[in-house]
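Here's a quick tour of a sheet and the core that goes with it. Have the model open as you read.

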Amino acid sequence: MSTTRPCSPGDRGPEPIGASGASEGDVPGGGMSREDAVASSTGRQVRRLSLDGQSGVVPLARDFARQALYAWGWLPAATADRRAAAEDVLLVVSELVTNACLHAEGPESLRISCDNKVIRVEVADRGTGQPAPRTPHRAGRPGGHGMFIVQRLCLDWGVVRAQGVTGKTVWAELGAPA
């Protein structure tokens, strides 16, 4: 489903991405934000990676997401369904970061959070555009498949814009494997 709601149904609202703080076990260089501390106290695990000014951000983001999946027990996958769920998360991370590179002056940060049921991927950028799946989708043509893939793999996705600030956060949520 394509949406521009700031948060998914039943969510407590958008979770803004702040300075590049990292939760325990993440990339060094920062402490946990207030939002991350609240999420952590509710059983939601959070990891954040600053991508601002980095080169090779797509493989960097994928590796970071893969490490989080290992830490959270999604990998190594014991079944084909679990393996597919983890690969879907990595693909969504790749697509959102790639879109920020191609259409939004590059990504600023990647935030991944997980509870027992849902994993949420958030990519913040400075772009003003509105991501949307290309319609009509033409499977045989090169390019333009990123948001279509995100739409197909995710439970929901959307865009959060902070008032008075250039940029946005594109978020997507995927279901945890059974």
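Over how many bridges do β1 and β2 pair? The answer is six, in the antiparallel sense; two strands count as paired if DSSP finds at least two bridges between them. Within this region, R48 sits opposite R111 of β2.

Before going on, a word on the source: this is a predicted model, where local features need pLDDT of at least 70, side-chain atom pairs count only at pLDDT 80 or more, and totals for chains, interfaces and linings use all residues. Residues are numbered from 1 along each chain as its sequence is written, and side-chain values use heavy atoms, with hydrogens and water left out.

Zooming out, five strands make an open antiparallel sheet, ordered β1-β2-β3-β5-β4. β1 and β4 are the edge strands, each with a single partner, so one side of each has no neighbour in the sheet. On average, neighbouring strands are turned by 15° against each other, direction ignored. α2 packs on this sheet, touching β1, β2 and β3 (contact: heavy atoms within 4.5 Å), and its direction makes about 160° with that of β1. Axes are lines fitted to C-alpha atoms, for helices over the stretch in contact, and angles run from 0 to 180 degrees between N-to-C directions.

Now the core. The largest nonpolar one (buried Ala, Val, Leu, Ile, Met, Phe, Trp, Tyr and Cys joined through side-chain atoms within 4.5 Å; buried is under 20% relative accessible area, 1.4 Å probe, protein chains only) has 35 residues. Among the elements that each supply at least two residues are these:

| Element | Residues |
|---|---|
| α2 | 57-71 |
| α3 | 80-103 |
| β2 | 107-114 |
| β3 | 118-125 |

Helices (H or I, at least four residues) and strands (E, at least two) are DSSP runs, numbered from the N terminus. α3 gives the most, with nine residues. V93, one of those with the most contacts inside the core, touches A61, R62, A65, L110, I112 and V121, leaving out residues up to four places away in sequence.

How values were computed: Buried means under 20% relative accessible area, exposed over 50%, partly exposed in between (1.4 Å probe, protein chains only).
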